[in-house]
Amino acid sequence: MTAPTLPPVAHRRPVRTDVRVDATPARGYGDRVYGVFITTCALAVPALLVLVAAVIARSAWPAIEQVGTELLVGRTWDVPRGQFGALPALLGTLASSLFALLLATPLALGVAIYVTELAPLRLRKPVAFLVDVLAAIPSVVYGLWALYVLVPFLREHAMPFLGETLGLRELALFRGPAYGPSLLAASLVLAIMVLPYIASVAREVLQAVPRAQREAALALGATRWEMVRDAVLPYARSGLVGAVILGLGRALGETMAVTMVIGNRHEVPTSLFQPAYTMASLLANEFAEASGELHLSALMAVAGLLLAITLVVNAIARWLVWRMERRA
Amino acid sequence: MTAPLDRPDASARPAARGRVELDQWSVWFGATAALQDVSLAIAPGGVTALIGPSGCGKSTLLRSINRLDDATVGIRHAGHIRLDGEDVHDPRTDTSVLRQRVGMVFQRSNPFPRSVFDNVVYGPRLNGETDRRTLEEIAERSLRRAALWDEVKDRLRDSALRLSGGQQQRLCIARALANDPGVLLLDEPASALDPLATTRIEELLYDLRREVTIVIVTHNLQQAARVSDRTAFLLAGRLVEVDETARLFTSPREARTEAYITGRFG
């Protein structure tokens with residue numbers, strides 16, 4: 001667009017002070033509409049969160065009143081008798097997510113380091129792409145794969161190997177018969193599912209480490225690995241923690257694949273070989289056929305608990321990142 | 001072909017080390033020639049300044065001496081660079097050993113986000129030095145050589161990022177000196193510093209020239225004139241002229257050199 005040519009100064013209209021002349025009326029109107037629209041969009045997101053929390057709290061209130069702390073510490077979930085203790089599901093969620101993280105974090109960081117620092121250039125993009133594709137596979141597909149491939153493999157080979165051959169069943173963590181559907185199966189499938197999230201964020205974080213830091217280490221005689229260890233990873237530390245916590249957030253809420261392989265047994269998990277339950281699986285299994293007000297209300301309370309835990313996890317992540325950034 | 005570099009034997013250190021010789025040295029990035037047929041001998045000790053307009057290849061030349069561009073995509077080179085007679089670009093040369101013998105300081109100070117002490121002893125620790133007292137001795141000696149000891153001796157445990165810009169740059173010099181290199185490469189080390197901090201760096205280079213061969217890239221011709229014994233003028237990847245600094249700045253042989261130092265281009 002070419003700039004409009006102004007008439008000579010002497011011929012311009014006198015400036016009126018009773019109307020706004022800084023923008024044409026149409027443009028000012030458009031700006032205002034756009035401003036209102038975009039503000040509404042921005043406010044809608046937090047408003048939605050508040051609304052969801054409010055609805056859950058209101059629906060959960062009868063159960064909180066009647067069942068009380070039993071919801072948090074009770075071990076029995078018996079709908080006909082009105083016993084709603086969600087502790088097994090709560091612990092199952094935490095255990096499966098944390099164990100998944102334990103497995104996925106080293107792998108994901110390894111992939112990220114390999115792709116950003118070590119891989120031959122021709123391999124970097126394809127490997128990064130394939131890892132990202134893992135995130136695009138629907139949850140139910142992971143569930144089916146786990147049900148038909150992972151669980152039989154665990155039952156026939158992995159569990160006997162761990163328990164008998166390595167003799168790990170002496171440890172509480174590996175005790176019990178090898179059913180297949182188990183906390184271990186859920187953790188493994190969760191680990192595969194959160195890996196691309198952690199790897200992808202970690203990759204971005206590593207790529208953001210300034211060249212000056214890398215060259216500082218190299219110029220002092222560091223090998224490539226020493227450079228990664230001493231210059232890249234410490235510099236990226238807070239971002240990497242953020243990546244891991246993002247994965248944890250994903251793992252906590254994952255429902256479908258976990259429900260398919262965890263065994264759905266309402267017991268406090270003490271062994272990786274045991275079937276267990278998670279809050280998300282409990283909700284998925286029981287919501288459709290919830291009988292009675294109290295049952296529905298108790299499920300709502302569990303949903304609220306899950307929401308609260310994910311919020312707390314994210315808050316902790318923020319705090320960790322903030323604290324590390326301040327210390328550096 | 002000359003022998004590859006080996007770890008220097010501290011007890012048998014030659015009287016004069018830090019001789020750098022470029023022999024028909026050329027570098028290409030892809031199809032673009034960055035340096036062409038540069039032959040330049042840098043005697044042990046003293047300060048050699050590399051001057052020339054942006055993009056003339058002076059930084060590339062500097063980074064060729066410690067092979068810092070090794071991992072750059074599409075880089076090719078021809079010719080030889082010798083450090084004390086040993087071929088730097090021999091495939092058998094261990095770049096870690098090379099880079100400990102050839103220290104480097106960058107345009108922007110780049111301390112690690114750790115304590116002052118941990119920064120200085122980074123190189124010796126890479127070499128496996130763990131003895132506390134030895135490391136403390138190295139740290140003090142290096143910081144003294146970099147004229148920083150008196151300012152930081154009570155702050156060794158503080159983060160290096162809390163130091164001023166000029167102090168950070170001297171810390172980077174101390175960190176390079178902790179490896180006891182024979183050659184110190186400086187890539188516009190003062191261009192991001194204020195005049196006072198710049199003066200301190202220049203004084204430091206004056207003191208260091210007796211112990212280590214210094215090669216400095218600078219855009220600042222006054223700085224080249226102040227700190228260097230010899231100056232090399234590069235233009236479009238070629239070495240135009242190299243001479244005693246005083247002579248190059250007062251009576252250059254080449255018309256292009258005169259045009260550059262009198263500010264007619266670049």
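Student: Among contacts in chain A between residues at least 6 apart in sequence, what percentage join residues at least 24 apart?
Tutor: That share is 75% in chain A. Two residues are in contact if their C-beta atoms, placed from the backbone, lie within 7 Å. Before we go on: this is a predicted model, where local features need pLDDT of at least 70 and side-chain atom pairs count only at pLDDT 80 or more, while totals for chains, interfaces and linings use all residues. Residues are numbered from 1 along each chain as its sequence is written, and chains are lettered from A and ligands numbered from 1 in the order in which they are written.

Student: OK, what is chain A built from, in helices and strands?
Tutor: Chain A has 11 helices and 2 strands. Helices (H or I, at least four residues) and strands (E, at least two) are DSSP runs, numbered from the N terminus. Along the sequence the pattern goes α-α-β-β-α-α-α-α-α-α-α-α-α.

Student: And is chain A spread out or compact?
Tutor: Its radius of gyration is 27 Å, well over the 20 Å that the globule rule gives for 328 residues, so chain A is more spread out than a compact globule. The radius is taken over C-alpha atoms, and the rule is 2.2 Å times the number of residues to the power 0.38. Along the principal axes, the C-alpha trace of chain A spans about 100 × 65 × 40 Å.

Student: How much of chain A is buried?
Tutor: Of its 328 residues, 37% count as buried. Buried is when 20 or more other C-beta atoms lie within 10 Å of a residue's own, exposed is 12 or fewer, and partly exposed is in between, with C-beta atoms placed from the backbone.

Student: Pick a residue. Is Arg211(A) buried or exposed?
Tutor: Arg211(A) has 10 C-beta neighbours inside 10 Å, so it counts as exposed. You'll find Arg211(A) in helix H7 (residues 211-219) of chain A.

Student: Switching to chain B. What's in there?
Tutor: Chain B has 11 helices and 10 strands. Its radius of gyration is 18 Å, close to the 18 Å that the globule rule gives for 266 residues, so chain B is as compact as a globular protein of that length. Its C-alpha atoms fill a box of roughly 55 × 45 × 35 Å, taken along the principal axes. As for burial, 44% of the 266 residues in chain B count as buried.

Student: Where do the two chains touch?
Tutor: 18 residues of chain B are in contact with 16 residues of chain A. On the chain B side, the elements giving two or more residues are helix H2 (95-101), helix H4 (122-126) and helix H7 (165-177).

Student: What classes of residue are on that side of chain B?
Tutor: There are 9 nonpolar, 6 polar and 3 charged residues. Here Ala, Val, Leu, Ile, Met, Phe, Trp, Tyr, Cys and Pro count as nonpolar, Asp, Glu, Lys and Arg as charged, and the others, Gly among them, as polar.

Student: I keep looking at helix H8 of chain B. Which of its residues are buried?
Tutor: Ile201(B), Leu204(B) and Leu205(B) are the buried ones in H8(B). They cover an arc of only 100° around the axis, which puts them on the same side of H8(B). That arc is of the directions from the helix axis to the C-beta atoms. The face turned away from the buried side carries the exposed residues Pro195(B), Leu196(B) and Asp207(B).

Student: What covers the buried ones?
Tutor: The cover includes strand E3 (47-51), H7, strand E8 (213-217) and helix H9 (221-227) of chain B.

Student: So what's E3(B) like?
Tutor: E3(B) is mostly covered, with 5 of its 5 residues buried. Val47(B), Ala49(B) and Ile51(B) point one way, and Thr48(B) and Leu50(B) the other way. In a regular strand the side chains alternate between the two faces of the sheet.

Student: Which strands pair with E3(B)?
Tutor: E3(B) pairs with E8(B) in the parallel sense over 4 bridges, and Thr48(B) stands opposite Val215(B) there. Strands pair if DSSP finds at least two bridges between them. E3(B) also pairs in the parallel sense with strand E9 (residues 230-235) of chain B, over 4 bridges. In E9(B), Thr231(B) is the bridge partner of Ala49(B).
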